[in-house]
Amino acid sequence: MNKSTKIMLDKLVRHLILIAVGVFFILPLVWMVSTSLKSNRQIFVFPPQWIPNPVIWRNYPDVFDYASFLLYFKNTIIIEVACIVGTLLSSSLVAYGFSRLDAPGKNFLFILMLSTMMLPYQVWMIPLYILFTKIGWVNTFYPLTVPAFFGNALYIFLLRQFFLTIPKELEDAARIDGCSYFRIFWQIILPLTRPALATVVIFTFMGVWNDFLGPLLYLQDPEKYTLAVGLQVFLSQHGADWGLLMAASTMVVLPVIIVFFFTQKQFIQGIVLTGLKG
Amino acid sequence: MRRSNLKRQEIFAFYTFISPWLIGFVLFIGGPIIASLYFSLTNYTVLSSPEFIGFGNYSSLFNDPLFWKSLYNTVYYAVLFIPLGILVAFTMSILLNQDLKGLAIYRTIYYLPSIVPAVANAILWIWLLNPQWGLINMLLKAIGIQGPGWLTSEQWAKPGLVLMSIWGVGSWIIIYLAGLQGVPEQLYEAAEVDGATKLQRFFYITVPLMTPTIFFTLVTGLIGAFQVFTQAYIMTNGGPVNSTLFYALYLFRNAFNYLKMGYASAMAWILFLIVLVLTLIQFRLARKWVFYE
């Protein structure tokens, strides 16, 4: 066997393994969509039908008849917008402070901030819940949105790393011309930071969409539910209706997948930069 | 004089810029942490004010069989999932780290499961793990294996959840892949010139240079494993027979179902200590196996 056939064979084997594992990763999602397009009669058969025959669409409109998913969607979007705006503004301000300005106590505060990322959230969850209860915020969106306006340690860290790569000369020149720190931040730094800001927007979007514990704790009125909590309640009401459940799940998953496909580059960079789980 | 003025200006600017985080930290993290330490020493049901009982909650916890059960379940999950997850992710990243066509497509496919939102993911996996009509047991049946009861079985519920977690290991694959791509090509070339075999290059170059990345996933993976909540809450609600009653779930129940806020706060502090000690141990052990340039 000559060398080039050997390399060819090696590549082939590699592809075969990658495809086999790829099937393991993709089949559950295919199965989800497939089930959502079946009637009960088609679901409970062996061997399973991968492509439903006939394709049953009615699970999708049924989801909206049984639960107010449009309302949950609207609520989720309201929280999304507030969290994204809040996180962007606050985290970039704080990151600028940590990357460009010097003051006593800075290193201590920076380490303090990083260490909060390692803390289990349970350590502050209970008093925070009591606090929000006492000030009457339970059953409002405030507990889910207001904290976003006070910065997020992970994104502060991410943005700071990015700011550090911007040459300082740009700002020095502006400083000499009498530019204030805030104007430098707003007019010089932020426009240069768009890719990193995009990463923060995407991760915040995913985080809010994914959040279950927060809405579970703070939203009691079904009118206030987000998609995550709405879907969980839907499960408890339609426990065995798999076509319906998979249709609802598919609709919750789809926006996330669409966002992912359009923003893959920032996404991958962000994960690599922070080691964050998406 | 002017210099110190400038310096003062900078200090003032620094604290102004970081003030959102500083205020947020005091209100939403630091303050609550101190309050939680105090609550853990009290009997507190929210309905009446906290009553100081010293270490009462802690000693009750040590005599609470469900506390130990939840700790056992969590450790079981962590011990099964983390090594398997690292192994799968590392293997996949090595297979991907080649001059292959379609790399981006594979990467997308492996990563896709980890972006599926938690609740939808939980519902999907209840269905996948359905003993009779779920995909997994149907596939097993197709090759002549009678699949287990998964979430309905005391023995198989935890492995079922581990399987689901492994499916979502895509972000580790990406982290490892980035690490592998950062290994300098010259090292491999030099080793090849010296006559090192492929296997030797792997064990003496790739693995040592990847240890910091593996260490990172080990530390964050362990912290994450101790906080597993959503799956267990939605998929099994701790059952069957408390076999998936994980630490975070039992803590949640104590706090928000039984309103034992003091008791749950004590659990939170024990969790904090466990995570802290495990992380410190790992950093200590890291000196033996993690390679830093």
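Trainee: Which residues of helix H7 of chain B are buried?

Mentor: Within H7, which covers residues 157–167 of chain B, they are B:Ala157, B:Lys158, B:Gly160, B:Leu161, B:Met164, B:Ser165 and B:Trp167. A residue is buried if 20 or more other C-beta atoms lie within 10 Å of its own, exposed if 12 or fewer, and partly exposed in between, with C-beta atoms placed from the backbone. Helices (H or I, at least four residues) and strands (E, at least two) are DSSP runs, numbered from the N terminus. Please note that this is a predicted model, in which local features need pLDDT of at least 70 and side-chain atom pairs count only at pLDDT 80 or more, while totals for chains, interfaces and linings use all residues. Residues are numbered from 1 along each chain as its sequence is written, and chains are lettered from A and ligands numbered from 1 in the order in which they are written.

Trainee: What covers the buried residues of H7(B)?

Mentor: The cover includes H1 of chain A, and also helices H3 (65–96), H4 (103–115), H5 (118–128) and H11 (230–236) of chain B.

Trainee: Why is B:Phe272 called partly exposed?

Mentor: B:Phe272 has 19 C-beta neighbours inside 10 Å, and therefore counts as partly exposed. This residue lies in helix H13 (residues 261–289) of chain B. Apart from neighbours within four places in sequence, its contacts are A:Leu119, A:Pro120 and A:Val123; two residues are in contact if their C-beta atoms, placed from the backbone, lie within 7 Å.

Trainee: How many residues does each chain bring to the contact between chain A and chain B?

Mentor: Chain A brings 73 residues and chain B brings 70 residues. On the side of chain A that touches chain B, H1(A) has the largest share, with 14 residues. That side divides into 55 nonpolar, 13 polar and five charged residues. Here Ala, Val, Leu, Ile, Met, Phe, Trp, Tyr, Cys and Pro count as nonpolar, Asp, Glu, Lys and Arg as charged, and the others, Gly among them, as polar.

Trainee: What is in the largest nonpolar core?

Mentor: That core has 152 residues, and those with the most contacts inside it are A:Ile156, A:Leu159, A:Leu231, B:Val119, B:Ile123, B:Ile173 and B:Leu251. A nonpolar core is a set of buried Ala, Val, Leu, Ile, Met, Phe, Trp, Tyr and Cys residues joined through C-beta atoms within 7 Å. Setting aside neighbours within four places in sequence, A:Ile156 has contacts that include A:Phe98, A:Met113 and B:Trp21.

Trainee: Why is chain A called more spread out than a compact globule?

Mentor: Chain A, with 15 helices and zero strands, has a radius of gyration of 24 Å, whereas the globule rule gives 19 Å for 278 residues; the value is well over the rule, so the chain is more spread out than a compact globule. The radius is taken over C-alpha atoms, and the rule is 2.2 Å times the number of residues to the power 0.38. Its C-alpha atoms fill a box of roughly 75 × 75 × 35 Å along the principal axes. Of its residues, 40% count as buried.

Trainee: Where do the domains of chain A lie?

Mentor: Domain 1 covers 3–56 and domain 2 covers 61–274; such bounds come from an automatic or database domain assignment. Their centres, taken over C-alpha atoms, are 34 Å apart. Eight residues from domain 1 and six residues from domain 2 make the contact.

Trainee: Which residues does a cis peptide bond join in chain A?

Mentor: The bond joins A:Phe46 and A:Pro47, with omega about -5 degrees. In chain B, the peptide bond from B:Gly239 to B:Pro240 is cis, with omega near -15 degrees.
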